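User: I have just opened this model and would like a guided look at it. Could we go through it piece by piece?
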Amino acid sequence: MEKLLRDGQEPVHVARRVSYPLVIHEEEKTQDFAAPDSSPFWDVMLRLDSNECLYASKAVLGLWSNVFFDLLQMEFEENVLPLPGKSKEQIVALLAVIYPPSPRDIDLDSLPLMLSLSDEYDMPVLKQKCEEKMLQCIKINTLDVTEALELADAYKCGPAVFALCDQILSNRPTLHTALLAEKYNLVNLQDNCIEALSDEYHHIKEDKRLASLSPSLLQRIMSRAFEKLQARMVRMQSVFRDNEDEEQQRTLGGSFVSYRITQEVCRSPSRSPTSSSDESNLLFPYRSIRRTTSSYV
């Protein structure tokens, strides 16, 4: 715009900053892959058990899955790839997670299905996404640690899930967690459970769940409990020995005092008083005895 100056000078053109409103697009609707228009650039149809077909891209399937990559190298009729034993809901959920441009996040309810499909179709990136989701849910307590261990063991997940579960359960050493530690080979949890259960072995030795532990783990718990019992016995013996030493010292001190008293009493009548102090000691022998024994006791 122009800014006119009062002194008759020519107008100065001042640039105006133009602000455009921020347009936030609504979230795109999830593709259902049931019609050709819903899946651009499709070049393969996935036939399901219900005889329905889903439209997908060979490139996307081949990039995510080694199994699909091998299958799509083969020749098949009319670009139709049969997927026996799969429902529409399962495959649509899978495609929604892997399909660009905005793949859907894996939710907790679909986690077992995604893990199963990642194993069946050899999809390592999908399994990694599942493991990241598991770690996130474990940390915010939306996925139970026991359930996470079952999923991780069933679908051969990486060590990160087991390590996090081991770290969390190590703060809760009980007989139940000892069973989990042995089942899923959680080393830190095993050590903590052995240490804790060895302290309470006399309370849990009648628990029927002990029979579920392997003989090796049970032997380690009992051996640790016996070591702690031996250590307590050694400490008690040391205390008793110290008490006996103190008692002997007191007894020896009393015997020495009695000996000095007897010696002074027996010696006092035979002495001839030569001074007033000797006479006083003769008349009151215990006065000098008290002075003599006080230096020993």
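User: Where is Asp122 found?
Analyst: Asp122 is found in the loop between helix 4 (111-120) and helix 5 (124-139). Helices here are DSSP runs of H or I with at least four residues, strands are runs of E with at least two, and both are numbered from the N terminus. This is a predicted model, in which local features need pLDDT of at least 70, side-chain atom pairs count only at pLDDT 80 or more, and totals for chains, interfaces and linings use all residues. Residues are numbered from 1 along each chain as its sequence is written, and side-chain values use heavy atoms, with hydrogens and water left out.

User: What is phi of Asp122 near?
Analyst: Phi of Asp122 is near 55 degrees, which is a positive value in a residue other than glycine. Asp122 counts as partly exposed because its relative accessible area is 35%. The cut-offs are under 20% relative accessible area for buried and over 50% for exposed, with partly exposed in between (1.4 Å probe, protein chains only).

User: And Lys156, where is its place?
Analyst: Lys156 sits in the loop between helix 6 and helix 7. Its phi is near 55 degrees, a positive value in a residue other than glycine. With a relative accessible area of 64%, Lys156 is exposed.

User: Let us step back. How many helices and strands does the protein chain have?
Analyst: The protein chain has 13 helices and 5 strands. Of its 297 residues, 31% count as buried. Its accessible surface comes to about 20,500 Å², and 53% of this belongs to carbon and sulfur atoms. Accessible areas come from the Shrake-Rupley method with a 1.4 Å probe, and for residues only the protein chains shown count as cover.

User: What about contacts between residues at least 6 apart in sequence?
Analyst: Among those contacts in the protein chain, 50% join residues at least 24 apart. A contact means heavy atoms within 4.5 Å.

User: Changing topic: how many salt bridges are there?
Analyst: The count comes to 10 salt bridges. A salt bridge is a side-chain nitrogen of Lys or Arg within 4 Å of a carboxyl oxygen of Asp or Glu. One of them joins the side chains of Lys127 and Asp119, at 2.4 Å from N to O.

User: Are those two buried or partly exposed?
Analyst: Lys127 counts as buried, because its relative accessibility is 13%. Asp119, at 35% relative accessibility, counts as partly exposed.

User: What does Lys228 pair with?
Analyst: Lys228 forms a salt bridge with Asp199, and the closest N and O atoms are 2.6 Å apart. This pair links distant parts of the chain: Lys228 is in helix 11 (residues 215-267) and Asp199 is in helix 9 (residues 187-199), 29 residues apart. Lys228 counts as buried at 12% relative accessibility, whereas Asp199 counts as partly exposed at 43%.

User: Which residues are linked in a network with them?
Analyst: Glu195, Asp199, Arg224, Glu227 and Lys228 are linked in a network of salt bridges. Within it, the side chains of Arg224 and Glu227 meet at 3.1 Å, N to O. Arg224 and Glu227 are separated by about one helical turn, because they are 3 residues apart in helix 11. Arg224 is partly exposed, with a relative accessible area of 27%, and Glu227 is partly exposed as well, at 44%.

User: Which residues form a nonpolar patch on the surface?
Analyst: Phe226, Leu229 and Met233 form a nonpolar patch, with about 290 Å² of accessible area together. Patches are made of residues with over 30% relative accessible area and no salt bridge; like charges are joined within 9 Å, and nonpolar side chains (Val, Leu, Ile, Met, Phe, Trp, Tyr) within 5 Å. Leu229 has its place in helix 11 and counts as partly exposed at 38% relative accessibility.

User: Last one: where is Ser170, and what does it touch?
Analyst: Ser170 is in the loop between helix 7 (159-169) and helix 8 (175-183). Not counting residues up to four places away in sequence, Ser170 touches Asn188, Leu189 and Asn192. Ser170 counts as buried because its relative accessibility is 13%.
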